[in-house]
Amino acid sequence: MIHLHYFAGLKEAAGKASEDIQWADGTVEDIVKWAADTYPAFDFSAVQVAVNEEYVLETESVKPGDHVAFIPPVSGG
Amino acid sequence: MGAQLMKPFEVTTEPLEPARYIEYVTHPGAGAVTLFAGTVREWTNGKRTMYLEYEAYVPMAEKKLAEIGVEIKQKWPGSRVAIVHRIGALSISDIAVVIAVSSPHRKAAYEANEYAIEQIKKVVPIWKKEMWEDGEEWIGDQSYKPGSE
């Protein structure tokens, strides 16, 4: 199982701030594909991914227990 | 709040008090303190904002703010930094972000302070939603839009 976190427009598109999904093995790219298929209303093209609170590349592997956050373009300040 | 221990890198729902951060970064080795307060603007590109809604990935945002603090201390030796961002519903003229930097001489305090806000707009997971009379929109990628300041 992995823990997914959604923010801003993606949180609204998903209708939830977080969820747990079953996960055996794969990369960040696989999870982004899963999310894009699951929440087609949201545009993932500009989304960055953080695993355990650090930005990672799409090739990074994701292991059970990881926290995966989808980070839309930020707009703080 | 009074007796509460001051967190120099924080995301909070509480109103921000700039004086606390000036006090935090001030020390005998400092010859300058710059204080940046980002406030909620009413008009953006001809559209009137009623209020802003901010949200954050709080644990990661606080970690990234602290990393900016470490970078500043490396780039501008002798500086001391505090950065705090408010989230939740903010009214016009409310303070959304406070950056306080002290340094031995003023140039570094100005430069480091600007570096901090630029990094916040690039890497810190915080989002704002503009709430208008007739709608609302999450704002993204603002730092790359010319004329957005």
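Over all chains of this predicted model, the count of salt bridges comes to 13, and five of these are found across the interface of chain B and chain A. One of the salt bridges joins the side chains of A:Lys11 and B:Glu55, with N and O 2.9 Å apart. Another is formed by B:Lys63 with A:Glu54, whose closest N and O atoms lie 3.5 Å apart; this pair crosses between chains, from helix H2 of chain B to strand E4 (residues 54-56) of chain A. Both partners are partly exposed, B:Lys63 having a relative accessible area of 29% and A:Glu54 one of 30%.

Salt bridges are also found within single chains. In chain A, the side chains of A:Lys63 and A:Asp66 meet at 3.8 Å, N to O, where A:Lys63 is partly exposed at 48% relative accessibility, whereas A:Asp66 is buried at 7%. In chain B, B:Lys129 and B:Glu136 meet at 2.5 Å, N to O; here B:Lys129 is buried, with a relative accessible area of 6%, and B:Glu136 is partly exposed at 44%. Through shared partners, salt bridges join A:Glu53, A:Glu54, B:Lys63, B:Lys64 and B:Glu67 into one network.

The contact between the chains draws on 28 residues from chain B and 20 residues from chain A, and the area buried between them is about 1900 Å², of which carbon and sulfur atoms give 53%. On the side of chain B, B:Tyr57, B:Met60 and B:Trp127 lose the most area to chain A, together accounting for 32% of what that side buries. Polar contacts across the interface comprise 16 residue pairs, both members at pLDDT 80 or more, and the residues of chain B that touch chain A divide into 16 nonpolar, three polar and nine charged.

Note on methods: Residues numbered from 1 in each chain as written. Chains lettered and ligands numbered in written order. Predicted model: local features only at pLDDT ≥ 70, side-chain atom pairs only at ≥ 80, totals over all residues. Heavy atoms only, no water. Contact = heavy atoms within 4.5 Å. Buried area = accessible area lost by both parts, 1.4 Å probe. Salt bridge = Lys/Arg side-chain N within 4 Å of Asp/Glu carboxyl O. Polar contact = N/O pair within 3.5 Å; in protein donor to acceptor, adjacent residues only side chain to side chain. Nonpolar A, V, L, I, M, F, W, Y, C, P; charged D, E, K, R; others polar. Helix = DSSP H or I, 4+ residues; strand = E, 2+ residues; numbered from the N terminus. Buried < 20%, exposed > 50% of the residue type's maximum accessible area, 1.4 Å probe, protein only.
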